[in-house]
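Please look at the sequence and the three-dimensional structure shown below, and keep both in view while reading the report that follows.

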Amino acid sequence: MQDQRYLQWAELLYLLTLKELKVRYKRSVLGYLWAIANPFIFALVYWLAFKFIMRVEMENYIVFILTGMFPWGWLSQSTIQGTGSFANNLSLVRRVKLPKLILPLSNVMQEMFHFMFAIPVIFFFMAINGERIYPLTLLWQMPLMLTLQLLFVFPLAVIGAVLNVYVRDIQYLIGIAFSALFFATPMVYPLNMVPVEYQFYFKLNPMYWLIDSWRIVFAGGILPLDHVACVSASIVAFSLIACWVYQRLAMRIPELV
């Protein structure tokens, strides 16, 4: 009986994720290509600005940007869209008996699929820039990183979704916060460009460890223990906060949404 219920929830999660993807690209000429185009165009603009105007001297700078930009797109878009998941699904929250956490999870899954569609683009730019691709190390580290990022993002989306039911400004504030975090995380510049005395403060940002882990994996390296430990510690901290927030505030979601 319990197994059947889990299967029903998994099917519901699949249908919700599929629905979100279909709704987003309905009547769109380029369809799913927009999922790749958006972060790619941003990366291209930053590459032109930093490489040719600000003269950042770094080998394969476009690969550095892309290997950070696409995971960042998954992280930021999942959190922002997940924050609106209860408020934007009023009928499901009020009328359908379902585990409400499936709603923000479907947003996170949707953005994960977008990211997976973009991985061949990263490999393409690595190849044309002469970067070697390491399939064996990617084979086991890629699923690990996908799992870690899924666990990293989901509690953030849950916290945002619950708080946004009580204060609708949360969705806008999270969007602004991610804009600030983008520049507080070494996304378009390597950490070694930051003065040594300030690098410690950048490492307090959990997003730094997540994005840098992706860059190490794409470069064919083995994830260092400190990266895995910092990302895992962030997952535990975010999950505990999400559990506390959900247990304290979830009961009034159908009433306030």
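Cys243 counts as partly exposed at 45% relative accessibility, a class that lies between buried, which is under 20% relative accessible area, and exposed, which is over 50%, as computed with a 1.4 Å probe on protein chains only. Cys230, with a relative accessible area of 26%, is partly exposed as well. A disulfide is a covalent bond between the sulfur atoms of two cysteines. The structure holds 0 disulfides, where a disulfide is taken to be a pair of cysteine sulfur atoms within 2.5 Å.

This is a predicted model, in which local features need pLDDT of at least 70 and side-chain atom pairs count only at pLDDT 80 or more, while totals for chains, interfaces and linings use all residues. Residues are numbered from 1 along each chain as its sequence is written, and side-chain values use heavy atoms, with hydrogens and water left out.

The next topic is the packing of two helices. Two packed helices are described by the angle between their axes and the distance between the axes. Helix 5, which covers residues 102–128, packs against helix 6, residues 135–166, at an angle of about 145 degrees, and their axes are 10 Å apart. Helices here are DSSP runs of H or I with at least four residues, strands are runs of E with at least two, and both are numbered from the N terminus. The axes are lines fitted to C-alpha atoms, for helices over the stretch in contact, and the angles run from 0 to 180 degrees between N-to-C directions.

Which residues of helix 5 and helix 6 make the contact? On the side of helix 5 they are Pro104, Leu105, Val108, Met109, Met112, Phe115, Met116, Ile119 and Phe123, and on the side of helix 6 they are Leu138, Met142, Leu146, Leu150, Val153, Phe154, Ala157 and Val158, where contact means heavy atoms within 4.5 Å. Sorted by class, this contact of helix 5 with helix 6 has 17 nonpolar, no polar and no charged residues. In this scheme Ala, Val, Leu, Ile, Met, Phe, Trp, Tyr, Cys and Pro count as nonpolar, Asp, Glu, Lys and Arg as charged, and the others, Gly among them, as polar.

Several individual residues can now be compared by their accessibility, as listed here.

| Residue | Relative accessibility | Class |
|---|---|---|
| Asn107 | 4% | buried |
| Gln141 | 0% | buried |
| Asn164 | 1% | buried |
| Asn60 | 16% | buried |
| Leu240 | 59% | exposed |

Asn107 is found in helix 5, and, when residues up to four places away in sequence are not counted, Asn107 touches Glu20, Ser78, Gln81, Gly82 and Ser85. Gln141 lies in helix 6, and, leaving aside neighbours within four places in sequence, Gln141 is in contact with Val217, Gly221, Ile222 and Leu223.

Asn164 and Thr83 are 81 residues apart in sequence and 6.3 Å apart in space, C-alpha to C-alpha.

Thr79 is found in helix 3 and is buried, with a relative accessible area of 3%. With residues up to four places away in sequence not counted, Thr79 touches Val153, Leu156, Ala157, Ile174 and Phe178. Val153 and Ala157 also belong to the helix 6 side of the contact with helix 5.

Asn60 is found in the loop between helix 2 (33–53) and helix 3 (61–83), and its phi is near 50 degrees, a positive value in a residue other than glycine. Leu240, in contrast, lies in helix 10, residues 225–249, and is 41 residues from Gln199 in sequence and 28 Å from Gln199 in space, C-alpha to C-alpha.

Finally, an unreviewed UniProt entry places the feature "transmembrane region" at residues 29–49, 101–128, 148–167, 172–193 and 213–246. In the model, residues 148–167 are 95% helix and 0% strand, with end C-alpha atoms 29 Å apart, and residues 213–246 are 82% helix and 0% strand, with end C-alpha atoms 29 Å apart. The UniProt positions are given in the numbering used here, feature names are shortened, and annotations may be inferred rather than shown by experiment.
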